[in-house]
Amino acid sequence: VVLLSLSLLIPAVRPNKNQASSVATDYLYGVIYSLLLFPFFVIFFGLVEGALDQWLPWVNLGLAQYLPVWLQIVIVIFLDDFLAYVSHVCRHKFRFLWHFHSLHHSQENLNPLTTKRTHPVERIFSRLFIRWLPLAIIGSSVEVWALFYLVDACWDYFIHSNIRVSLGPLGRVLVSPQYHRI
């Protein structure tokens, strides 16, 4: 609600007359994801994590688990942001992945809910193979994963907002709303 309000007050791009219907479409994607797909992903990723723990316990190198929680969170956020960039480049470069990712880019009125406009295949590829597997390899505590998920969800809404904001020097290493207007 805050980011949608800011999008109206300080928009980076002037919204067109179809914005209400496109935001409603993104809201529908969010509802479908939350009600239908999220439970499936929780089960699927839980099974993958269990399989990794049981059959490939050496995958979790535990590189970060003894660091202070705040430092683990910083490492995970920067590593995930870099991996999200790599994932995004792959989804643009490889035709098979672009087929699924083009749905996300079909939104003409960028808004916080655009983050939910994704195909399930894209979400599995991006989250599991590109972003979460490397994070699982470095290992972290459950608290870090919970905080990371919260920060990641909020950041996804922020970077899809139609607001004019600068991250200053951090904008060179972290994705911002301007990233989607290139």
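Me: Which residue's side chain does a polar contact of 2.9 Å join to that of D26?

Reply: The model is a predicted one. In it, the side chains of D26 and N111 are joined by a polar contact of 2.9 Å. The criterion asks for a pair of N or O atoms within 3.5 Å, and the contact of D26 with N111 lies at 2.9 Å.

Me: Why is D26 called buried?

Reply: Buried means under 20% relative accessible area. D26 has 0% relative accessibility, and therefore counts as buried. The residue is placed in helix α2, which spans residues 19-55. Leaving aside residues up to four places away in sequence, D26 touches Q107, N111, L113, T114, K116 and R117.

Me: What makes the pair of Q107 and D26 a polar contact?

Reply: The side chains of Q107 and D26 are joined at 2.4 Å, and the limit for the N or O atoms of such a pair is 3.5 Å. Q107 has its place in the loop between α4 and α5, the latter being residues 120-138.

Me: Is Q107 buried or exposed, and on what grounds?

Reply: Q107 counts as buried because its relative accessibility is 11%, and the term applies under 20%. Beyond residues up to four places away in sequence, Q107 touches S22, V23, D26, T114 and R117.

Me: Why are α3 and α4 called roughly perpendicular?

Reply: Helix α3 (residues 69-93) packs with helix α4 (residues 95-105) at an angle of about 105 degrees, and their axes are 6 Å apart. Angles of 65 to 115 degrees count as roughly perpendicular. The two helices, α3 and α4, are therefore roughly perpendicular to each other.

Me: Which residues make that contact, and how many of them fall into each class?

Reply: From α3 the contact uses H88, C90, R91, H92 and K93, and from α4 it uses R95, L97, W98, H101 and H105. By class, the contact of α3 with α4 has three nonpolar, four polar and three charged residues.

Me: How many aromatic pairs does the structure hold, and why is that of F96 and F100 called edge-to-face?

Reply: The structure holds two aromatic pairs. The ring centres of F96 and F100 are 5.2 Å apart, and rings pair if their centres lie within 6.5 Å. Their planes stand at 80 degrees, so the pair is edge-to-face; that term is used over 60 degrees. Both F96 and F100 belong to helix α4, where they are four residues apart, about one turn of the helix.

Me: What makes F96 exposed and F100 buried?

Reply: F96 has a relative accessible area of 59%, and is therefore exposed, the threshold being over 50%. F100 has 13% and is therefore buried, the threshold being under 20%.

Me: Why is the pair of W155 and F158 called tilted?

Reply: W155 and F158 are 5.1 Å apart, centre to centre, with 50 degrees between the planes. Planes under 30 degrees apart count as stacked, over 60 as edge-to-face, and the rest as tilted. The pair of W155 and F158 is accordingly tilted. Both residues, W155 and F158, lie in helix α6 (residues 142-159), three residues apart, about one turn of the helix.

Me: How do you know that W155 is partly exposed and F158 buried?

Reply: The relative accessible area of W155 is 26%, so W155 is partly exposed; the term covers the range between 20% and 50%. F158 is buried because its relative accessible area is 15%.

Me: What makes H119 partly exposed?

Reply: With a relative accessible area of 29%, H119 is partly exposed, since buried requires under 20% and exposed over 50%. H119 is found in the loop between α4 and α5. Its side chain reaches the backbone nitrogen of V121 at 3.0 Å. Apart from residues up to four places away in sequence, H119 touches F100 and L103. The C-alpha atoms of H119 and L103 are 6.9 Å apart, although 16 residues separate them along the chain.

Me: Why does Y33 count as buried?

Reply: Y33 has a relative accessibility of 9% and therefore counts as buried, being under 20%. Y33 lies in helix α2. From C-alpha to C-alpha, Y33 and T118 are 8.9 Å apart in space, and they are 85 residues apart in sequence.

Technical notes
Residues numbered from 1 in each chain as written. Predicted model: local features only at pLDDT ≥ 70, side-chain atom pairs only at ≥ 80, totals over all residues. Heavy atoms only, no water. Axes fitted to C-alpha atoms, helices over the stretch in contact; angles between N-to-C directions. Parallel < 35°, antiparallel > 145°, perpendicular 65-115°, else oblique. Contact = heavy atoms within 4.5 Å. Nonpolar A, V, L, I, M, F, W, Y, C, P; charged D, E, K, R; others polar. Buried < 20%, exposed > 50% of the residue type's maximum accessible area, 1.4 Å probe, protein only. Polar contact = N/O pair within 3.5 Å; in protein donor to acceptor, adjacent residues only side chain to side chain. Phe/Tyr/Trp six-rings, centres within 6.5 Å; stacked < 30°, edge-to-face > 60°.
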